[in-house]
Amino acid sequence: MLKFEMEMSNYGMEVLTKANNMDRVMDFVELCIKDVGNPRDTKQLTLVGEELAFNIFQYAYDDAPGTFLLKIFLCPEQNKVTMEFRDAGKPYNPLEHKISDLDAHISDREIGGLGIMLSKKFTDTQIYKYENGHNILLVEKYLKSS
């Protein structure tokens with residue numbers, strides 16, 4: 001019996017955390033995931049990519065220049081997309097960030113946290129680790145049929 005296995009595709013990009021590079025990151029995310037899952041999965045993954053990358057650009061280096069690495073792994077065999085966000089900024093686990101009370105009046109809510117909340121909602125697995133001076137955040141999403 002012949003067994004056919006589909007290969008995992010992986011893509012990566014590294015940029016400086018300068019505001020003008022955010023567009024390049026989003027173009028990269030959209031290009032990598034444009035044909036995966038259904039349109040809802042694609043929109044959710046695009047939003048996750050934007051929110052998590054923006055947080056790194058905004059907060060990881062305290063306005064100093066730094067680098068940001070994004071890897072995207074497409075695994076058709078498992079119908080899964082994994083995104084790896086990596087930076088060498090200050091150690092920070094976004095998964096431990098306290099989410100603002102969404103039932104509170106908007107003027108009473110703390111700023112921040114909605115991006116990570118959406119990322120948790122739109123992905124199936126989130127893993128953070130700090131390794132060799134790098135923050136590494138992995139998010140995985142199992143895709144629905146079109």
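This is a short tour of the structure in your viewer, one selection at a time. Keep in mind that you are looking at a predicted model.

**Start with the whole chain.** Colour it by secondary structure and you will find three helices and five strands. Followed along the sequence, they come in the pattern β-α-α-β-β-α-β-β.

**Next, select the strands.** The five of them form an open sheet with antiparallel pairing, in the order S1-S2-S3-S5-S4. Go to residues 9–16 for S1 and 125–131 for S4: these strands stand at the edges with a single partner strand each, so one side of each has no neighbour in the sheet. On average, neighbouring strands here are turned by 15 degrees against each other, direction ignored.

**Zoom in on S3 and S5.** Select residues 80–87 together with 134–142; these two strands run antiparallel and are joined by eight bridges. Which residue of S5 is the bridge partner of Thr82? Show Glu140, and you have the partner.

Select residues 22–33 to see helix H1, which lies across S1, S2 (67–75) and S3. Its direction makes an angle of about 10 degrees with S2.

**Finish by showing the surface.** The accessible surface of the chain is about 9300 Å², and carbon and sulfur atoms account for 52% of that. Of the 146 residues, 42% count as buried. Among contacts between residues at least 6 apart in sequence, 64% join residues at least 24 apart.

Note on methods. Residues are numbered from 1 along each chain as its sequence is written. This is a predicted model: local features need pLDDT of at least 70, side-chain atom pairs count only at pLDDT 80 or more; totals for chains, interfaces and linings use all residues. Side-chain values use heavy atoms; hydrogens and water are left out. Two strands pair if DSSP finds at least two bridges between them. Helices (H or I, at least four residues) and strands (E, at least two) are DSSP runs, numbered from the N terminus. Axes are lines fitted to C-alpha atoms, for helices over the stretch in contact, and angles run from 0 to 180 degrees between N-to-C directions. Contact means heavy atoms within 4.5 Å. Buried means under 20% relative accessible area, exposed over 50%, partly exposed in between (1.4 Å probe, protein chains only). Accessible areas come from the Shrake-Rupley method with a 1.4 Å probe; for residues, only the protein chains shown count as cover.
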